[in-house]
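Please look over the sequence and the model below before reading on. The paragraphs that follow move from one pair of side chains to its surroundings, and then to other parts of the chain.

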Amino acid sequence: RFDEANLSSYTYQLYKDGIKEIAKKLTEEAGEVSISAVTNDGRVIDETADLIYHLLVMLRKLNLNYNDVLQELENRSN
């Protein structure tokens with residue numbers, strides 16, 4: 001839910017830009033995590049946080065949530 005206080009936030013703007021822009025950022029962040037891991041540049045945690053953030057925004061845009069992902073993982077372990 002967005003209110004007037006956060007209509008100018010990055011999250012709102014990204015959400016408003018739509019799924020294509022969110023997916024683009026998600027792909028970019030996944031690449032940055034991979035590069036960080038390979039180069040051992042000390043930014044894996046920062047880049048992973050960015051990746052998870054964009055993933056959560058994407059799930060929200062698709063009317064899904066992290067619990068849906070956890071349920072899928074649980075289903076796979078059975």
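With a relative accessibility of 32%, Glu21 counts as partly exposed, a class that lies between buried (under 20% relative accessible area) and exposed (over 50%), as computed with a 1.4 Å probe on protein chains only. The side chain of Glu21 meets that of Lys24 in a salt bridge, with 3.9 Å from N to O, where the term requires a side-chain nitrogen of Lys or Arg within 4 Å of a carboxyl oxygen of Asp or Glu. Both residues lie in helix α2, 3 residues apart, or about one turn of the helix; helices here are DSSP runs of H or I with at least four residues, numbered from the N terminus. Lys24 counts as exposed because its relative accessibility is 52%.

The model is predicted, so that local features need a pLDDT of at least 70 and side-chain atom pairs count only at pLDDT 80 or more, whereas totals for chains, interfaces and linings use all residues. Residues are numbered from 1 along each chain as its sequence is written, and side-chain values use heavy atoms, with hydrogens and water left out. The protein chain averages a pLDDT of 93, and 94% of the residues score at least 70, pLDDT being the predictor's confidence in each residue on a scale from 0 to 100. Among the elements of the chain, α2 has the highest mean pLDDT (98) and α1 the lowest (92).

Helix α2, which spans residues 19-39, also holds Glu29, and this residue counts as buried because its relative accessibility is 4%. Glu29 forms a salt bridge with Lys25, their closest N and O atoms being 3.6 Å apart, and Lys25, Glu28 and Glu29 are linked in a network of salt bridges. Leaving aside neighbours within four places in sequence, Glu29 is in contact (heavy atoms within 4.5 Å) with Glu47, Asp50, Leu51 and His54.

The structure holds 6 salt bridges, including one in which the side chains of Asp46 and Arg43 meet at 3.4 Å, N to O. Asp46 is partly exposed at 42% relative accessibility, and Arg43 is likewise partly exposed, at 36%.

In helix α1, residues 10-17, one finds Gln13, which counts as partly exposed at 29% relative accessibility. Not counting residues up to four places away in sequence, Gln13 touches Leu7 and Ser8, and a polar atom of the Gln13 side chain lies 2.9 Å from the backbone oxygen of Leu7.

Definitions and conventions:
Helices (H or I, at least four residues) and strands (E, at least two) are DSSP runs, numbered from the N terminus. A polar contact is a pair of N or O atoms within 3.5 Å; within protein, one must be able to donate a hydrogen and the other to accept it, and residues adjacent in sequence count only if both atoms are side-chain atoms.
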